[in-house]
Amino acid sequence: MGQYIARRLLQAIPLLFLISLLAFMMIRLSGDPMSMYAQGSALTAEDRGRIMKQHGWDKPKPVQYLYWLRDVAQGDLGSSLYTYQPVTRMIWERLPNTLILMGTVFVVTIAVSIPLAILSALRQYSKLDYLITGASFLAFALPTFWLGLVCIMIFAVKFKEWGWPYLPAGGMYDLVEGPSLGGLLKHLILPAFVLSAVSAASYIRYLRASMLEVLQDDYIRTARAKGLPEGAVTWRHAFRNALIPLVTLITMNIPLIFSGALITEQVFAWPGMGRLFVDHANRGDYPVLMGLVLTVSVLVIVFNLVADVAYAWIDPRIRYR
């Protein structure tokens, strides 16, 4: 196992290099960074030339990439072209906000989807199974921006018009009351509900299909023939072996916890990593975009490795040599 992990980590180095190269070229080809200075009528041609030379934009793009790669190897992700703040500091400032939202979504999704998926699989073709699968298909098909706007319209706008207790439409804290735990929880309800509904629908579909496949295996019938309680058969034998597809889905989604939800954070004005990406993508602020892309790429590779290790723990038949 140790040799396998070391080999995978070594393979990750050229993979990260390739990802960063492709991301850099696509981001840099998407627009001209000097366009953000176009409105500055006081800038002369000499000023524009000085700015380009200062940032290295007068060099060919492969050379610019090598300069960026050199800085990253030294732990420097650069500075924003818009706020002039270090990219690392900007990421660390937004990361706690994203972890609060996405961490809550992750916990709620797991707590809701696992029992519902198992119950649906155990009651296959029953009315409860049709209800759970139908609701999960509906939630999975709904666009998050549409669901978010509907929730804002109902629970924030209409409830306030009707004189009922209403929820905030956006933000993270009340601007008048200031930061508080109660205010944070109220602002967290709507975006967490929207993301949890969509995520839980996906988890339910995967785990239900996996459970149905496992419940037909011979060792499940053998366990029942031995007189084991149904709870032990379900959780100790069936659920553990049905976990592998779910582990894959979870480990692929964990990097999203750190990267945030682009659309939902925009709809609810949540100051997280997703909104940071969208805001600076609109400005062509490529150092921030590259820092975010590199961070998420590292997390995806790491959690793919975590998934491989978890497979061997869940199913002892899996061995890595």
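The model is predicted. Helices H10 and H13 come within 9 Å of each other, axis to axis. H13 also supplies at least two residues of the lining of the second largest pocket.

**How H10 and H13 cross**

- H10 spans residues 243-259, and H13 spans residues 286-314.
- Their axes cross at roughly 155 degrees.
- Angles over 145 degrees count as roughly antiparallel, and H10 and H13 are therefore roughly antiparallel to each other.
- The crossing of the two helices is right-handed.

**What the two helices bring to the contact**

- From H10, the contact takes Leu243, Ile244, Val247, Thr248, Thr251, Met252, Ile254, Pro255, Phe258 and Ser259.
- From H13, it takes Val296, Leu299, Val300, Phe303, Asn304, Ala307, Ala310, Tyr311 and Ile314.
- By class, 15 of the contact residues are nonpolar and four are polar.
- No charged residues take part in this contact.

**The second largest pocket**

- The second largest pocket holds about 410 Å³ of space.
- Its lining is made by 19 residues.
- His55, Asp71, Gly78, Ser79 and Tyr286 lie nearest the pocket centre.

**Where the pocket lining comes from**

- Helix H2 (45-55), helix H3 (61-73) and H13 each give at least two residues to the lining.
- H3 gives the most, with five residues.
- By class, the lining of this pocket has nine nonpolar, seven polar and three charged residues.

Conventions. Residues numbered from 1 in each chain as written. Predicted model: local features only at pLDDT ≥ 70, side-chain atom pairs only at ≥ 80, totals over all residues. Heavy atoms only, no water. Axes fitted to C-alpha atoms, helices over the stretch in contact; angles between N-to-C directions. Helix = DSSP H or I, 4+ residues; strand = E, 2+ residues; numbered from the N terminus. Parallel < 35°, antiparallel > 145°, perpendicular 65-115°, else oblique. Left-handed = near helix turned anticlockwise from the far one by under 90°. Contact = heavy atoms within 4.5 Å. Nonpolar A, V, L, I, M, F, W, Y, C, P; charged D, E, K, R; others polar. 1 Å grid on protein atoms, 1.4 Å probe; cavity = no way out; pocket = protein on both sides within 12 Å on 5 of 7 lines; lining within 4 Å. Points joined across faces, edges and corners; volume = space filled by probe spheres on them.
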